[in-house]
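Welcome to this short tour. Please open your viewer and keep the selection tool ready; each stop begins with something to pick.

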Amino acid sequence: MAFLEVKDLHVSYQRAITALTGVSFTMEEGQIMAILGANGAGKTTTLRALSGFIGLDNARVTKGRIGFDGQDLTRRPPYEVTRQGVVLVPERDKVFPNLSVHENLEVVTSRASGTRRSELTDLVYTRFPRLAQLRKREAGLLSGGERQMLALGSAIVCAPRLLLIDELSLGLAPVIVEEIVEHLRVIRQDLSLTILLVEQSAAVAFRLADSAVVLEHGEVALTGTSEALQSDSAVQNAYLGTGTEGRRSYRAVAEARRLAEQEGRA
Ligand SMILES: Nc1ncnc2c1ncn2[C@@H]1O[C@H](COP(=O)(O)OP(=O)(O)O)[C@@H](O)[C@H]1O
Ligand SMILES: [Mg+2]
């Protein structure tokens, strides 16, 4: 059985808006996978469903199953999911702005306690030396990059086994993203983490992830290794902005290419 198995996941908001219609994918332990897709494709909804933080927005899983390391996590509340080691770094509201950096790490409800918890806090400061310097600074005064590091740090203190990261690079300068990605690589080794990250930037996703799932309108349009996806011209056109056809949906580009090939043969 796969480490993470998402099968035929359907999610609706307010019993009306269907955000996911049959999303399926699997992950092996130790893997880094990216979820790619345009705005509104269902990336955040997928992570919310996995983490249990879905009821907050009046959304629910209407069909499908989430299996994690032999456990059924479908429709479990966030605290139970976190206790299993599935930890979310959300898109927004990542830190408590009125608390200091250190207090932010202290208020986290972690499945680790005692020595293990202190070790994890130390690890955060070792791997993000900037946070160690800013230990007493109010989180609301941090830069975007520092805030993202603190959000990751708070997640690390939870002793994650599967780390879910929503929009790692959003609003950050490329050089800062680069730095965070490097830190994250090292921490991943330290803790043998499995990481599922959501990205709008395919360039960032492919630099970090072994494989990716491309979502379109709440469905999986494509799955593959980063290598295979990067060399797929339809993916390049749709997500990397490197093609000549401008940014279009993956399906539109793949369909256009298929038609062109047909005509070429005729
Ligand atoms: N709180 C919400 N209430 C109603 N609909 C929502 C809410 N959040 C997201 N949606 C809808 O669900 C779909 C998927 O959104 P989302 O998962 O946020 O996409 P992404 O993260 O890929 O941009 C969109 O159509 C969006 O409008
Ligand atoms: Mg989102």
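Buried here means under 20% relative accessible area, exposed means over 50%, and partly exposed is what falls in between (1.4 Å probe, protein chains only). Before we start, note that this is a predicted model: local features need pLDDT of at least 70, side-chain atom pairs count only at pLDDT 80 or more, and totals for chains, interfaces and linings use all residues. Residues are numbered from 1 along each chain as its sequence is written, chains are lettered from A and ligands numbered from 1 in the order in which they are written, and side-chain values use heavy atoms, with hydrogens and water left out.

**Stop 1: Phe3.** Select Phe3, in the segment before strand 1 (4-13); helices (H or I, at least four residues) and strands (E, at least two) are DSSP runs numbered from the N terminus. Phe3 counts as buried because its relative accessibility is 5%.

**Stop 2: helix 4.** Next, select residues 114-127. These 14 residues should span 20 Å at 1.5 Å a residue, and the end C-alpha atoms are 20 Å apart, which agrees; the expected span is 1.5 Å times one less than the number of residues. Colour Arg117, Leu120, Thr121, Leu123, Val124 and Tyr125, which are buried. The buried residues of helix 4 pack against helix 3 (101-107), helix 5 (129-133), helix 6 (144-157) and helix 7 (174-191).

**Stop 3: the core.** Show Ile156, Leu163 and Ile165, which have the most contacts inside the largest nonpolar core, a set of 53 residues. Such a core is a set of buried Ala, Val, Leu, Ile, Met, Phe, Trp, Tyr and Cys residues joined through side-chain atoms within 4.5 Å. Helix 6 gives the largest share of this core, 7 residues. For a second, separate core of 32 residues, pick Leu20, Phe25, Met33 and Ala59, which are among its members. Back at Ile156, look for its contacts with Leu120, Leu123 and Val124, among others beyond four places in sequence.

**Last stop: Thr82.** Finally, select Thr82 in helix 2 (residues 78-83). Is Thr82 buried or exposed? With a relative accessible area of 17%, Thr82 is buried. Leaving aside neighbours within four places in sequence, Thr82 is in contact with Val87, Arg111 and Cys158.

Terms used: Contact = heavy atoms within 4.5 Å.
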